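Reader: Hi! Could you walk me through this model, starting with the ligands?
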Amino acid sequence: MSRPQLRHWIVAALMAAAAVLLAGPAHAETESQTAEAPAEAASAPAFTAKGADTCLKCHDEDTAVPVLSIFKTAHARAADSRTPFAGHQCEACHGAGDTHARGGNKDPVPPIRNFGIGKDTPVAEQNATCMACHQGGHRTQWPGSAHDRADVPCAACHQVHAPRDPVMTTASQPEVCYSCHRKERAELMRPSAHPVNQGKLACSDCHAVHGAPGEALLASPTVNQTCYRCHAEKRGPFLWEHAPASEDCGLCHAPHGSNQAALLVQRPPWLCQSCHAAEGHPSVAYTGRGLAGTTASAFLLGQSCGNCHSQVHGTNHPSGATLTR
Ligand code: HEC
Ligand code: HEC
Ligand code: HEC
Ligand code: HEC
Ligand code: HEC
Ligand code: HEC
Ligand code: HEC
Ligand code: HEC
Ligand code: HEC
Ligand code: HEC
């Protein structure tokens, strides 16, 4: 035996020994579960005797959904007693699969619980399976939320077999959402937009996707509170508030994106004039007609209200009553 061959042999032998050591207790556990099983089995279908080992005889990385990569995820931490792999393994999610496993060579194959859009397993049953372990935390708001009401399965967003679930990563999340939310895809492609497509923030930084008490699944109870999570300097309190800014950022900004600079819903001066009446000083854009106490000012020609009223979000300057400083 050459040295490299010898080394391979030793490594292989060590790995085999390790596999026996690791597999031993796991099998013992599965067996002890099946020992309890008969009581359950009286009415319900039976679990397989060997759990994942049985399933993996027929399902592996080459099937449509690569199955093995689940072993790289949090679900496969058998040492964590809360995970599927500490219990019935594959069948903790897919349901008791003895009949399926035994008939897996026949045509048609006996059914087993399956996840995703358009699968035979009803969405309510799919989601109840996940919720059996995940009803806490963010999911307390799930029942009755927009996605629950619309019968969206957990697996429409989550890929539990993937080594990294795309919806959990800022950069890959938008594509998951866009598969259903086309309008938002278009909005976030506009010239001025929150840099979601650039991976700087995620939809889920503004939206509590599992459910929220307020409108549009916003992460905070109101639009403004959601914006303040990142734009805290706009919160105030200000000595001189601008009423619309304190009320709803969405009066002037399109939260996803816009064709105007700074996500504005319209360009100033028309934005401003949508609320400020045509009477008196501020009325006429692009001319100086009616500017307080002066004749026509070159300032105004082709310019915007913001040139003078720069503090549209509110100001603490003692003489900032008209939001000019
Ligand atoms: C004897 C081989 C065999 C065994 C063992 C087996 N399966 Fe299957 N399974 C199949 C075949 C064949 C299909 C249908 C073709 C396909 O989708 O790959 C299938 C389909 C599935 C599906 C998709 C069902 C659907 O409705 O689309 C799931 C999920 C599944 N198996 C999970 C499991 C799990 C979990 C186990 C272990 C408890 C298991 N299988 C054991 C052969 C097997
Ligand atoms: C038997 C219990 C159990 C079931 C069933 C279960 N999970 Fe989990 N899941 C866990 C545990 C435990 C963790 C790890 C939590 C932790 O690390 O705090 C986890 C983690 C996760 C995570 C976070 C993964 C990460 O990388 O941080 C997601 C997403 C998830 N599960 C989704 C699902 C979905 C979707 C389903 C249904 C298809 C499901 N789970 C079914 C127990 C379960
Ligand atoms: C609309 C898409 C979507 C749906 C549907 C969805 N999730 Fe999530 N889920 C996410 C996103 C995005 C995150 C990461 C950001 C966050 O935690 O809000 C996440 C995170 C998680 C996590 C890990 C973080 C945590 O809160 O512990 C778990 C577990 C989870 N989801 C379980 C579920 C379960 C169970 C369901 C079905 C009842 C479900 N999800 C339905 C998008 C979704
Ligand atoms: C945490 C729950 C969970 C566990 C544990 C789990 N699966 Fe899955 N499985 C899913 C979900 C959800 C899908 C749908 C695709 C996805 O989300 O990645 C799926 C998809 C599949 C598919 C593809 C079905 C199809 O549509 O063609 C097979 C086959 C499968 N799983 C087999 C297994 C096997 C084998 C194991 C054990 C090694 C296992 N699963 C463990 C939740 C789980
Ligand atoms: C499988 C399709 C699907 C996927 C994937 C999906 N959604 Fe949804 N979403 C819906 C449906 C259907 C509704 C309810 C109908 C509606 O209001 O448009 C909804 C509603 C919403 C709402 C609330 C709208 C309202 O007016 O109350 C928000 C916000 C939302 N989704 C965000 C997201 C985000 C963020 C993601 C990605 C993490 C996502 N969705 C992934 C289908 C989906
Ligand atoms: C900067 C925060 C922010 C980000 C990032 C964001 N949204 Fe929104 N989204 C909002 C606000 C604010 C609303 C509107 C709430 C209102 O006025 O009703 C909204 C509304 C929605 C609605 C409901 C639209 C309607 O017509 O009722 C959906 C669906 C939605 N967002 C999906 C998404 C998706 C998908 C992403 C990621 C691709 C995303 N959002 C990213 C803040 C955000
Ligand atoms: C999760 C953090 C986050 C939240 C929440 C958030 N934003 Fe932003 N916002 C950003 C980032 C990042 C930028 C880009 C800053 C840059 O490019 O320097 C930005 C930029 C902006 C811009 C300036 C765009 C420009 O071209 O100058 C406006 C206006 C804006 N956000 C409004 C809002 C509004 C309104 C809300 C609430 C609906 C909100 N933001 C919520 C992170 C956030
Ligand atoms: C009355 C209309 C109006 C309202 C309401 C409004 N904004 Fe603005 N916002 C503007 C205008 C106009 C600009 C462009 C100013 C410029 O070009 O310097 C702007 C610019 C911004 C910018 C980018 C430049 C900067 O100042 O950082 C951010 C961020 C921003 N707004 C956030 C918000 C948030 C958060 C809210 C809600 C608290 C809000 N805006 C409410 C009109 C408004
Ligand atoms: C959604 C409606 C709305 C929009 C859009 C709007 N404003 Fe206002 N603005 C108000 C309200 C309401 C007040 C408070 C009026 C009052 O207290 O009498 C106000 C007050 C002001 C004041 C202080 C006036 C005073 O007498 O104290 C100035 C200056 C002002 N706005 C400028 C602007 C500019 C510049 C824009 C465009 C960037 C703008 N506004 C867009 C509604 C709006
Ligand atoms: C050349 C600078 C300048 C420009 C441009 C300008 N303003 Fe003014 N505006 C002022 C000054 C200075 C005052 C304070 C006048 C006073 O105290 O009598 C004022 C006062 C106001 C007031 C409060 C006084 C009132 O009439 O009730 C409003 C509202 C206002 N401007 C809105 C606007 C709007 C809307 C635009 C754009 C169409 C605009 N302004 C453009 C300088 C300007």
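This is a predicted model: local features need pLDDT of at least 70, side-chain atom pairs count only at pLDDT 80 or more; totals for chains, interfaces and linings use all residues.

Reader: Great! Which residues are the closest to ligand 2?
Author: Arg82, Cys130, Cys133, Cys154 and His158, out of 21 residues that surround ligand 2. A residue belongs there if its C-beta atom, placed from the backbone, lies within 6 Å of the ligand.

Reader: And which helix gives the most to that shell around ligand 2?
Author: α5, with 5 residues. Helices here are DSSP runs (H or I, at least four residues), numbered from the N terminus.

Reader: Which residues come nearest to ligand 1?
Author: Cys55, Cys58, Cys90, Gly97 and Gly104, of the 20 residues around ligand 1. The largest share of that shell, 3 residues, comes from α3.

Reader: Switching topic: where are the cis peptide bonds?
Author: One joins Gly236 and Pro237, and another joins Pro268 and Pro269. Omega is about 5 degrees in each.

Reader: What about Asp151, is it buried or exposed?
Author: Exposed, because Asp151 has 12 C-beta neighbours inside 10 Å; the cut-offs are 12 or fewer for exposed, 20 or more for buried, and partly exposed in between, with C-beta atoms placed from the backbone. Asp151 also has a positive phi, near 60 degrees.

Methods:
Residues are numbered from 1 along each chain as its sequence is written. Chains are lettered from A and ligands numbered from 1 in the order in which they are written. Helices (H or I, at least four residues) and strands (E, at least two) are DSSP runs, numbered from the N terminus.
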